[in-house]
Amino acid sequence: MYEKIKLEAQKNSATLVVVSKTRSVEEIMKIYDRGHRDFGENRVQELMDKKNELPQDIKWHLIGHLQTNKVKYIAPFIELIHSIDRKKLWKELHKEALKADRTIDGLLQIKIAEEDSKYGFSQEDVIRLLDQSAVSTYDKVNIRGLMGMATFTDDTSQIQREFDELAKLFNQLKSAYFSEKDDFDTLSMGMSGDYNIALERGSTMLRVGSAIFEEG
Ligand SMILES: *Cc1c(COP(=O)(O)O)cnc(C)c1O
């Protein structure tokens, strides 16, 4: 499935992040050897362990809920944090970016799913923070766009609706708060079960794990 999904992403000018959580170093190396460099993990400890054992030119993405006390470990090298889901984390990322003397790229995670369990800002909360000038206050965090997860359901029209909602918010925020910036360009949506829908709805970045590793 890797080649098929990679091709689908390319046709739509989207980046594919291969989600390697729970996969072994050997499994990851098989994808790496096909030329792939963007990998995503959801836990810091697991990411650090794998980073130590794998080639240093891998671009690591953090896609899961991130505790503030773990930020310091990844701040020096992380490619993109997809899961900025609260003000406290945004602030901590800014602080650790200053210490690491770099800018950290990040996405604001928006809650679009029906389920309570999904993390993320509500649309109201993210707009309130942007109105309070969070972007300039925490300017060592370079906000590149939004991330969201659709409800886990077979109802295609619901998934479409949720992705459409995220894409619409992305465009609204881009023109209202990020129009001066030419790199607010990333809409991270689409996983194994819904990446085709996500691409149709304007995704620029897929996060796909099981469909790639469990091809049988
Ligand atoms: C696990 C995970 C994925 C990938 O899920 P698959 O269904 O295995 O493709 C994508 N995004 C996040 C945030 C995840 O935790």
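Okay, let's start with a definition: two strands pair if DSSP finds at least two bridges between them. Hold on to that one, we'll need it for the sheet part. Helices and strands here are DSSP runs, numbered from the N terminus, with at least four residues of H or I for a helix and at least two of E for a strand.

Before the tour, a word on what we're looking at. This is a predicted model, where local features need pLDDT of at least 70, side-chain atom pairs count only at pLDDT 80 or more, and totals for chains, interfaces and linings use all residues. Residues are numbered from 1 along each chain as its sequence is written, and side-chain values use heavy atoms, with hydrogens and water left out.

Big picture, then. The protein chain has 10 helices and eight strands. Its radius of gyration is 17 Å, close to the 17 Å that the globule rule gives for 216 residues, so the chain is as compact as a globular protein of that length. That radius is taken over C-alpha atoms, and the globule rule is 2.2 Å times the number of residues to the power 0.38. The C-alpha trace spans about 50 × 45 × 30 Å along its principal axes. Of the 216 residues, 49% are buried; buried means under 20% relative accessible area, exposed over 50%, and partly exposed in between, with a 1.4 Å probe and protein chains only. And if you take contacts (heavy atoms within 4.5 Å) between residues at least 6 apart in sequence, 59% of them join residues at least 24 apart.

Now zoom in on strand E2, residues 38–41. E2 pairs in the parallel sense with E1 over two bridges, and in the parallel sense with strand E3, residues 59–62, over four bridges. Follow phenylalanine 39 across: valine 18 has phenylalanine 39 as its bridge partner in E2, and phenylalanine 39 stands opposite tryptophan 60 in E3.

How do you get from strand to strand? E1, H2 and E2 make a right-handed β-α-β unit, and E2, H3 and E3 make a right-handed one too. Right-handed here means that, with the strands pointing away from you, the path from the first strand over the helix to the second runs clockwise.

In H2, residues 25–32, the buried residues are Val25, Ile28, Ile31 and Tyr32. They cover an arc of only 120° around the axis, which puts them on the same side of H2; the arc is that of the directions from the helix axis to the C-beta atoms. Turned away from that buried side are Glu26 and Lys30, both exposed. The cover over H2's buried residues includes helix H1, strands E1 and E2, helix H3 and helix H10.

H3 has Val44, Glu46, Leu47, Lys50 and Lys51 buried. Their arc is only 160° around the axis, which puts them on the same side of H3. Gln45, Asn52 and Glu53 are exposed on the other side. The buried residues of H3 pack against H2, E2, E3 and helix H4.

Is lysine 50 buried or exposed? Lysine 50 is buried, with a relative accessible area of 6%. And what does its side chain meet? Glutamate 41, in a salt bridge at 2.9 Å, N to O, and glutamate 41 is buried as well, at 0% relative accessibility. A salt bridge, for the record, is a side-chain nitrogen of Lys or Arg within 4 Å of a carboxyl oxygen of Asp or Glu. Leaving aside neighbours within four places in sequence, lysine 50 is in contact with Ser20, Lys21, Thr22, Arg23, Ile28, Glu41 and Trp60.

Glutamate 8 and lysine 11 meet at 3.7 Å, N to O; they are three residues apart in helix H1, about one helical turn, and lysine 11 is exposed at 63%. Arginine 128 and aspartate 125 meet at 3.0 Å, N to O, again three residues apart, in helix H6. Arginine 128 is partly exposed at 48%, and aspartate 125 is partly exposed at 32%. Back at lysine 50, salt bridges that share partners join Glu41, Glu46 and Lys50 into one network.
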